[in-house]
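Biologist: Could you show me how to read a strand and its partners? I would like to follow one chain of pairings.

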Amino acid sequence: MSTSCILRNGRRVFALISGGRRGTCALCGVQRRFIIDLSYSTHFMDFKGSSIPSSMKKLMVTKLSQHFRDAVALQTVPVPTPGDGELLVRNRFVGINASDINYTAGRYDPTKKPPFEVGFEGIGEVVGLGLSASSRHAVGDTVAYFSDGAFAEYTLIPAQKSVPVPAVKPEFLTLLVSGATAYIAIKRLGDLAPGQTVLVTAAAGGTGQFAVQFAKQAGCHVVGTCSSNEKAGFLKVIGCDRPIVYKSEDLAATMRKEYPQGVDVVYESVGGATFDLAVNCLANKGRLIIIGFISGYQTASGIPTIRGGTLPVKLLQKSAGVRGFFLPHFLEDYKEAIGNMMRLFAEGKLLCEVDCGDLAPEGRFVGLESAFRAVDYLYAGKNVGKVVVELGSSTLDSKL
Ligand SMILES: NC(=O)c1ccc[n+]([C@@H]2O[C@H](COP(=O)([O-])OP(=O)(O)OC[C@H]3O[C@@H](n4cnc5c(N)ncnc54)[C@H](OP(=O)(O)O)[C@@H]3O)[C@@H](O)[C@H]2O)c1
């Protein structure tokens, strides 16, 4: 199955297309460049004769803040040289995540002080590499990665963190954090069985879209929350049985009326009042997986308030459970998750919706500067699928 996103009268229209989206073999027609060993010691680089500039644009956190625009500055810095086990990747697409602002606020590692780099994931071409890395990689390889410092025209990554991809398509980027989170959280913590009911909050977003699809593939009935009819239409396309537009329907009343026995699993990303509501919706022996609490990220503490005092009694009365999930704690499952999702995508069984901001007020997110707009867009709840920034023509002057 696949969809196409057609723009009509400035609105998205989602349509099913038979046959699915299949990745084409990317390396066909891609010219490989010989590696030129400039240093005769540790580094293989292809600066010579290539269009890799000596300097590049990069986003740096210069001040800790949960407001991306206050925290981050666009800087011009030297293009780095790869160390022995590293790849230098020319980024073509980078992914925006809700947690980018947790990172800029210093919530990931409170000991980290600015300036530091930002951005969790990218996809592009290898343009330089160290000696050890050259045993498994070559200039011209197309790779994706989940590693720090993606918001730059070029990023150094440890070679072992690279994920080989058949083409530099933004769809592959959606799998690195958003897809992997849904795949592993549901597999490891969901304990899903056919016929069970799963509630996904922020269901039409970057990670929500995958949770919907994986729950459906497990034979479950899927309920998904979102803020607009347009998103509800998208949710239908990806198999959500009951999209609920929480801005026009009373979510609590709808859940009580339509699911009086409760739901078996909640994939919960919003937090605060939505978390409280989700706890109330749990069936006996239900499992609530805390994926995030985006409703609090823009506040000073980053943490929305919940009715914590009543939580033990509610869980006990239903023999229900709440578990947290944080992707970096499950990296042992990462390779399998990415491999299986790539296969499902190639078979047309997984839709990876990308939102590059074509309908954003100032247009498509092209160039690092547009990361600021892209973060605003995500926090305005406008995105359908994964928010992605394309690094545009100024960086695409390679002869590769
Ligand atoms: N635990 C992990 O390892 C992990 C990994 C990746 C992501 N996450 C979490 O997953 C959640 C989604 O992240 P994402 O990057 O995929 O973002 P996203 O879902 O693509 O975008 C955020 C969406 O959240 C919804 N939302 C609901 N309440 C909101 C509020 N108060 N403010 C802003 N948006 C609100 C909006 O859609 P609607 O309002 O239309 O529903 C918005 O489009 C976040 O909580 C994030 O921290 C966790």
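Modeller: Let's begin with a pair: Tyr267 stands opposite Ile289 in E16. Strands (E, at least two residues) and helices (H or I, at least four) are DSSP runs, numbered from the N terminus. E15 and strand E16 (residues 282–290) pair in the parallel sense over 5 bridges, where pairing requires that DSSP finds at least two bridges between two strands. This is a predicted model, in which local features need pLDDT of at least 70, side-chain atom pairs count only at pLDDT 80 or more, and totals for chains, interfaces and linings use all residues. Residues are numbered from 1 along each chain as its sequence is written.

Biologist: Which residue stands opposite Tyr267 in E15?

Modeller: That is Val200, whose place is in strand E12 (residues 197–200). E12 and E15 run parallel, joined by 3 bridges.

Biologist: Is Val200 buried or exposed?

Modeller: A residue is buried if 20 or more other C-beta atoms, placed from the backbone, lie within 10 Å of its own, exposed if 12 or fewer, and partly exposed in between. Val200 counts as buried because it has 33 C-beta neighbours inside 10 Å. Strand E15 (residues 263–268) is mostly covered too, with 6 of its 6 residues buried.

Biologist: What does Val200 touch, not counting residues up to four places away in sequence?

Modeller: Contact means that two C-beta atoms, placed from the backbone, lie within 7 Å. Val200 touches Gly208, Ala211, Val212, Ala215, Val222, Gly224 and Tyr267. Val200 and Val222 are 22 residues apart in sequence, yet 7.4 Å apart in space, C-alpha to C-alpha.
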